[in-house]
Amino acid sequence: MEEPIKVTEAAQVPEQRGEQLLDAAVRYTEERHWDVFPGTWLEAVAGAERCSCGEARCAAPGAHPDRPDWASRSTGSAAAVRRLWSKHPRASVLLPTGRTFDAIDVPESAGFLALARMERMSLPLGPVTCTPDRRMLFFVLPGAAAKVDDLVRKLGWNATAIGLFGRGEGHYVAGPPTRVGGRGAVQWARRPTPANRWLPDAVELISPLAYACGREAADARARLS
């Protein structure tokens with residue numbers, strides 16, 4: 001069984017190379033049939049790394065769409081991917097949700113707790129990413145985002161209050177090895193493999209995810225009281 005990994009500290013993340021990003025983007029299209037599109041990238045400005053968007057206080061430096069029509073630019077063609085990244089080799093690798101997969105977005109601490117529990121229960125799991133802002137995203141079948149709030153409510157929680165969100169149509173996630181400024185790189189907690197090609201439905205994972213998020217939220221409130 002694959003062991004989950006912790007997000008590497010920013011200082012330990014190697015410099016992001018264009019060929020790694022291109023290789024990852026091509027692999028996602030060829031092996032998983034995921035659509036991808038290039039986003040912004042990091043540039044050296046006055047000895048510091050800045051987002052190519054030019055915004056000094058960019059919320060996700062080097063890891064967001066570089067134009068408003070990003071959805072129409074998404075492609076599942078490896079040839080098109082090579083053309084797009086030939087223009088900007090350091091562009092981030094972004095994956096639109098709501099097409100071949102949705103994502104359930106949870107706090108990292110709750111995500112690892114739920115992941116360990118789901119592995120013990122032998123639940124079907126798809127790929128899972130860890131982001132530098134300490135979130136985990138569980139890839140599930142499309143349509144999850146539209147029903148996550150209702151599923152969590154039936155379990156007795158409010159999804160927003162416990163930090164559990166669905167990402168579906170109109171949203172995107174950053175694919176490894178995309179870096180987010182100096183915070184670090186997006187990494188796989190569970191890599192895409194032939195064994196997890198068939199994604200689970202949100203219904204199969206929502207109970208352990210909601211339980212872990214609810215427990216973490218309760219602990220956080222207790223610490224503040």
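This is a predicted model: local features need pLDDT of at least 70, side-chain atom pairs count only at pLDDT 80 or more; totals for chains, interfaces and linings use all residues.

Residues are numbered from 1 along each chain as its sequence is written, and side-chain values use heavy atoms, with hydrogens and water left out.

Let me start with helix α6. Helices and strands here are DSSP runs numbered from the N terminus, helices being H or I with at least four residues and strands E with at least two. Helix α6 covers residues 202-224, which is 23 residues. From first C-alpha to last, α6 reaches 31 Å, close to the 33 Å expected at 1.5 Å a residue; that expected span is 1.5 Å times one less than the number of residues.

At the N-terminal end, α6 is capped by Asp-201, with a side-chain oxygen 2.9 Å from the backbone nitrogen of Val-203. Such a polar contact is a pair of N or O atoms within 3.5 Å; within protein, one must be able to donate a hydrogen and the other to accept it, and residues adjacent in sequence count only if both atoms are side-chain atoms.

Several residues of α6 are buried, among them Leu-205, Ile-206, Pro-208 and Leu-209. Buried means under 20% relative accessible area, exposed over 50%, and partly exposed in between, with a 1.4 Å probe and protein chains only. The buried residues of α6 pack against β5 (102-107), α4 (108-120), β7 (135-140) and α5 (144-154).

This leads to the cores. A nonpolar core is a set of buried Ala, Val, Leu, Ile, Met, Phe, Trp, Tyr and Cys residues joined through side-chain atoms within 4.5 Å. The largest has 29 residues, and those touching the most other members include Ile-104, Phe-138, Val-152 and Leu-209. Which element gives the most to this core? It is α6, with 8 residues. Val-152, leaving aside neighbours within four places in sequence, is in contact (heavy atoms within 4.5 Å) with residues including Trp-157, Leu-164, Ile-206 and Ala-210. There is also a second, separate core of 22 residues, which includes Leu-21, Tyr-28, Val-36 and Phe-101.

I turn now to charge pairs. The structure holds 12 salt bridges, each defined as a side-chain nitrogen of Lys or Arg within 4 Å of a carboxyl oxygen of Asp or Glu.

One of them joins Arg-82 and Glu-30, whose closest N and O atoms are 4.0 Å apart. Arg-82 lies in helix α3 (residues 78-87) and Glu-30 in helix α1 (residues 18-32), so this pair ties together parts that are 52 residues apart in sequence.

Another joins Glu-108 and Arg-134, at 3.1 Å from N to O. Because Glu-108 is in helix α4 and Arg-134 in the loop between β6 and β7, parts 26 residues apart in sequence are tied together. Are the two partners buried or exposed? Glu-108 is buried, at 4% relative accessible area, whereas Arg-134 is exposed, at 54%. Arg-134 also has a positive phi of about 65°, although it is not a glycine.

A further salt bridge, between Asp-150 and Arg-153, has its closest N and O atoms 3.3 Å apart. Both residues lie in helix α5, 3 residues apart, about one turn of the helix.

Next, Ser-74, in the loop between α2 (70-73) and α3. Ser-74 is buried, with a relative accessible area of 12%. Leaving aside neighbours within four places in sequence, Ser-74 is in contact with Asp-35, Val-36, Phe-37, Pro-96 and Arg-99. A polar atom of the Ser-74 side chain lies 3.2 Å from the backbone oxygen of Trp-70.

Finally, two backbone details. A cis peptide bond, with omega about 5°, joins Pro-176 and Pro-177. His-33, in the loop between α1 and β1 (37-38), has a positive phi of about 60° although it is not a glycine.

Thank you for your attention.
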